[in-house]
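Got a structure you'd like to pick apart term by term?

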Amino acid sequence: MTLSPGSTELTLDPAHQPEDTPAPNLAELTLEPVHCRPELLDACADLINEQWPRSRASRLHSLGQSSDAFPLCLMLLSPRPTPEVDPIVVGHARLSRVLDRPQSLLVETVVVARALRGRGFGRRLMEGLEAFAQARGFRRLHLTTHDQLQFYAHLGYQLGEPVQGLVFTSQQLPATLLRVFPRAPSPRPPCKAPSLTVQTASRAPKGPSLPPPPPLPEPLTTSPPPPAGPPPQSLLETQYQDLRGCPIFWMEKDI
């Protein structure tokens, strides 16, 4: 199971699931913040780069920004095979605060180890994220997907609208202050054409003014006003696109 960076895009890949790969016990998995287990930073970076290759230094720097104040990177860990060996990093996900929605989090950069995909670890990771967020007072999760709506629908997610994740926050930053951050730019109103009446009047010779022209006739038919809000989306089509121009679905779930 694969999920793309910056989104929660799910891809089932049974061809890359060797049957002889031992799978950790789902009941024994734990979810821990990256910044609480610095000795696992390298293993977590390798897990993410296995799916989305990137400079190792850049990946480690990004993971090093994880904090309790968000964004926060989480690892799904299996128990240690032996006391001398570190736990196995099974999966990773990142949670970010959402602009103007103090009780929401945005789920991003979710990935499960390639050899363990298709065995329920993706569901376990998503369920762990929900429990982690709920225990800290959050009430809604947001995510995006390209073509795995049914998977998330089975987990209770519904179609929603885009939200803006915050790349940094602070424990001292009050929720009311988050509202002053700039939103996505809104369309500028159309420019008005300059008035020619004043210019014409300034050059017109002095004398009696001409009567105003007759009013234009009313149009025979009028178009209905456009519906308020964004056009509706369905499980088959969406009006949203990602940065590459591919159709993308926004989903959300109350937790």
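Predicted model: local features only at pLDDT ≥ 70, side-chain atom pairs only at ≥ 80, totals over all residues.

Residues are numbered from 1 along each chain as its sequence is written, and side-chain values use heavy atoms, with hydrogens and water left out.

Q: What makes β1 and β2 a pair?
A: Two strands pair if DSSP finds at least two bridges between them. Strand β1 and strand β2 (residues 72–77) have 4 bridges, in the antiparallel sense, so they pass. One spot to look at is Thr30, which stands opposite Leu77 in β2. As for the names, helices (H or I, at least four residues) and strands (E, at least two) are DSSP runs, numbered from the N terminus.

Q: Why do β1 and β6 count as edges of the sheet?
A: The 7 strands form an open sheet in the order β1-β2-β3-β4-β5-β7-β6, with mixed pairing. Both β1 (30–33) and β6 (158–159) have a single partner strand, so one side of each is left without a neighbour in the sheet.

Q: How do you know that β7 is joined to β5 and to β6?
A: Count the bridges again: 6 of them join β5 to β7, which run antiparallel, and β6 and β7 pair over 2, also in the antiparallel sense. Leu143 has Met251 of β7 as its bridge partner, and Gln158 has Glu252 of β7.

Q: What makes β7 "mostly covered"?
A: Buried means under 20% relative accessible area, exposed means over 50%, and partly exposed is in between (1.4 Å probe, protein chains only). In β7, 5 of the 6 residues are buried.

Q: Why is Phe70 called buried?
A: Its relative accessible area is 6%, so Phe70 is on the buried side of the cut-off. Phe70 lies in the loop between α2 and β2.

Q: What about Thr109: buried or exposed?
A: Buried, because its relative accessibility is 13%. Thr109 is found in strand β4, and it has a positive phi of about 45 degrees although it is not a glycine.

Q: Why is Glu39 called partly exposed?
A: The value for Glu39 is 40% relative accessibility, so it counts as partly exposed. Glu39 sits in the loop between β1 and α1. Asp86 is 47 residues away along the chain, with 8.4 Å between the two C-alpha atoms.

Q: How do you know that Arg139 is partly exposed too?
A: At 37% relative accessibility, Arg139 counts as partly exposed. Arg139 is in the loop between α3 and β5.

Q: Which residues is Arg139 in contact with, leaving aside its neighbours within four places in sequence?
A: Contact means heavy atoms within 4.5 Å. For Arg139 that gives Gln103, Gln134, Lys253, Asp254 and Ile255. Gln103 is 36 residues apart in sequence and 5.4 Å apart in space, C-alpha to C-alpha.

Q: How do you know that α3 has the span expected of a helix?
A: The expected span is 1.5 Å times one less than the number of residues. Helix α3 has 15 residues and reaches 21 Å from its first C-alpha to its last, close to the 21 Å expected. Just after α3, Gly137 takes a positive phi of about 90 degrees.

Q: At what angle do the axes of α1 and α2 cross?
A: Axes are lines fitted to C-alpha atoms, for helices over the stretch in contact, and angles run from 0 to 180 degrees between N-to-C directions. The axes of α1 and helix α2 (residues 56–64) cross at roughly 115 degrees and come within 10 Å.

Q: What covers the buried residues of α1?
A: The cover includes α2, β2, β3 and β4. The buried residues of α1 are Cys44, Ala45, Leu47, Ile48 and Asn49.
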